[in-house]
Amino acid sequence: RAGDRLVRLVLVLGDQLSLDLSALQKADKKQDTVVMAEVSGEATYVPHHPKKIAFTFMAMRKFAQTLREEGWRVEYTTLDDPENTGSITGELIRRAAAHDAAGVIYTEPGEWRLIEALAEMPLRTHSLPDTRFIASHQDFETWSAGRKQLRMEYFYRDMRRKTGLLMDGDKPEGGKWNYDHDNRKPAPDEVDFDGPLRFAPDEAVLGLVKAQFGENFGDLRPFWFATDAAQAREQLTQWIEAGLPKFGDYQDAMLSDQPFLYHSLISFYLNAGLLDPLAVCREVEAAYYAGHAPLNAAEGFIRQIIGWREYMRGIYFLQGPDYSARNGLGHSRALPDLYWGAETKMNCMAQTVKQTREHAYAHHIQRLMVTGNFALLAGVDPAHVHKWYLAVYADAYEWVEAPNVIGMSQFADDGIIASKPYISSGNYIHKMSDYCGSCAYRVQDKTGEKACPFNLLYWHFLDRHRARFEANPRMGNMYRVWDRMDEEKRTTVLREADAWLAKLDEGATV
C-alpha cells in the first residue's frame with residue numbers, strides 16, 4: 001500500500017520500452033510500482049543469440065532509469081539477483097507480496113506463451129491492448145471477415161488510407177500502390193553507405209551475458225546496437241540521410257561480406273519499443289516529399305512497416321496459439337547443423353549464417369530466399385525452422401517471426417499468407433547476389449557432382465508435392481517445364497537430390 005491507497009504493479013516487458021505504453025498510460029506514477037525483470041525463463045526458452053540478450057538487458061536497464069527520472073517507482077530485477085525467481089510471473093508474485101499489491105496491469109505481450117502464463121497467475125490482472133500498432137485486433141478481424149484470401153496487399157492499401165501515408169487525396173502517390181517491381185536490382189558493384197551507427201555498450205551487461213550465455217550460437221562482440229530511444233533516433237536519422245535514397249533499388253540484393261547494404265537496421269528498435277513505427281514512416285514520407293529519396297524507396301520501406309509488420313501481427317493473433325506448430329506440408333527433416341555454423345560448401349548459406357552469427361541480423365531476402373528457401377526445399381520440420389529464427393535474430397519476437405516463417409517462408413499454414421511456396425532454384429540467388437561466383441557448386445549445373453543443390457532440390461520439392469501444387473495457377477508453368485524434360489533427366493535429378501539429402505542427413509559436409 002502507498003498510504004491508504006492500493007498499490008498496483010505495472011509490468012513492462014523487454015520489448016515494451018515505450019513511455020506511451022498503454023500500461024504506463026493507465027497507471028498512476030504517484031502510487032503504482034513498475035516491475036521489470038531480467039529472467040532466465042525469457043532468456044532461455046530458445047537459445048537466443050547473445051547479442052539479442054545483451055541488447056534487451058541494456059535497453060531494459062536504460063529504460064528503467066528513464067522511468068525513475070520520470071518519477072516512477074521501479075522494482076528492477078537483474079539476472080544475477082540471488083532472489084530472482086527466474087520467470088516473469090514469479091517476479092510479479094514476489095513483488096506483489098512485498099508491496100501488498102492489489103493486482104497487476106500490463107500491456108498485452110506479443111507471444112501467446114506469455115499471454116497464457118500471465119492469465120494463469122494467482123493475482124488479479126488487467127490486460128490492456130498494445131496501442132503502439134496501427135491496426136488493433138478488432139481492426140484486423142473486421143478486415144479479414146468474409147475474405148476468402150487474406151492477402152497483405154489489400155490490407156496494406158487500407159493502412160495507407162487509414163494513415164494517409166503517401167496518399168494523393170484518395171489515390172496512392174504516383175498512381176500505384178506498390179513499387180516492388182522497381183526494388184529488385186541485382187547487387188551493385190560497390191556500396192557507398194557506411195551502414196549503421198556504432199554505440200558504446202554496457203560492459204557490465206556484456207560480462208553477464210558472456211558468463212551466462214557464452215556458449216550460445218552467435219558472437220557477442222563487437223556490440224554496437226543502439227540501446228535507448230535517443231540512440232535509435234540517431235540511427236534512423238543517419239539512415240534516412242545516407243541509406244534511404246538507394247534502399248529501394250537494392251533492398252533485395254545480397255553481397256558477400258556486405259551485411260548491411262542500404263538497409264535501415266531499425267527493426268531491433270521498432271520491435272523493442274524504442275521507435276514509434278508511424279513516426280518513423282512519417283519521417284521517411286517527409287524525405288520523399290522533400291525530394292531526398294525516390295518514391296520506390298519510400299514506398300518500399302513504408303510497406304514493410306504498415307503493410308507487412310502490421311499484417312504479420314494481425315495474422316498471428318487471428319490464427320491463435322497453435323499457429324507456430326502448423327506443418328501443412330508434413331515436413332519432418334531435422335534442422336541441419338550448417339544452420340548453427342557447421343561447415344558447408346554452399347556459399348550462399350555460409351555467408352548468411354556467418355552474417356547471422358556475427359550480427360544477429362540478416363535482411364529479408366537472405367531470410368526468405370536463402371535460409372528459408374533451403375529449409376523448405378529440403379523438407380525441414382517448420383517447428384525447427386521457427387525456433388531457429390526466433391533464437392538467432394535480435395528483432396525476432398513470436399508475433400512477427402512466426403507468421404514470417406510458418407506462413408511466408410515455410411508454407412506450413414496451407415497458404416493463409418502466401419499464394420504459393422516461396423521456392424527458387426539457384427538462378428534467383430545468382431541473379432540477386434555475388435554468392436555463386438565463389439561457390440564450390442556451379443549454379444549453371446542442373447545435375448552432376450557440381451550441381452547447385454538448390455537446382456536439384458527445387459525439382460525434388462515440386463515432384464514430391466505435385467498433388468498439392470500442380471493445380472495452383474501460379475505454379476502450373478513450373479510443372480509444364482518439368483514435364484517437358486525427358487524421363488531420363490527427371491530420374492537423374494531425383495536420384496541425385498535423394499543422394500544429396502542422404503548426405504545431409506548423415507552429417508556430411510554438403
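User: What should I know about the model first?
Analyst: It is predicted: local features need pLDDT of at least 70, side-chain atom pairs count only at pLDDT 80 or more, and totals for chains, interfaces and linings use all residues. Residues are numbered from 1 along each chain as its sequence is written, and side-chain values use heavy atoms, with hydrogens and water left out.

User: How many cavities of 30 Å³ or more?
Analyst: Three. A cavity is a set of points on a 1 Å grid over the protein atoms alone where a 1.4 Å probe fits but cannot get out; lining residues have an atom within 4 Å of a point. Volume is the space filled by probe spheres set on the points, which are joined across faces, edges and corners.

User: What volume does the largest cavity have?
Analyst: About 370 Å³. Of its 23 lining residues, Gly 14, Asp 15, Glu 42, Thr 56 and Tyr 397 are closest to the centre.

User: Which helix gives the largest share of that lining?
Analyst: Helix 3, with five residues. Helices are DSSP runs (H or I, at least four residues), numbered from the N terminus.

User: And the second largest cavity, which residues are closest to its centre?
Analyst: That cavity holds about 100 Å³. Of 13 lining residues, the closest are Cys 348, Cys 436, Cys 439, Cys 452 and Phe 454.

User: Is Phe 454 buried or exposed?
Analyst: Buried, at 1% relative accessible area. Buried means under 20%, exposed over 50%, partly exposed in between (1.4 Å probe, protein chains only). Phe 454 lies in helix 19, residues 453–464.

How values were computed
Helix = DSSP H or I, 4+ residues; strand = E, 2+ residues; numbered from the N terminus. 1 Å grid on protein atoms, 1.4 Å probe; cavity = no way out; pocket = protein on both sides within 12 Å on 5 of 7 lines; lining within 4 Å.
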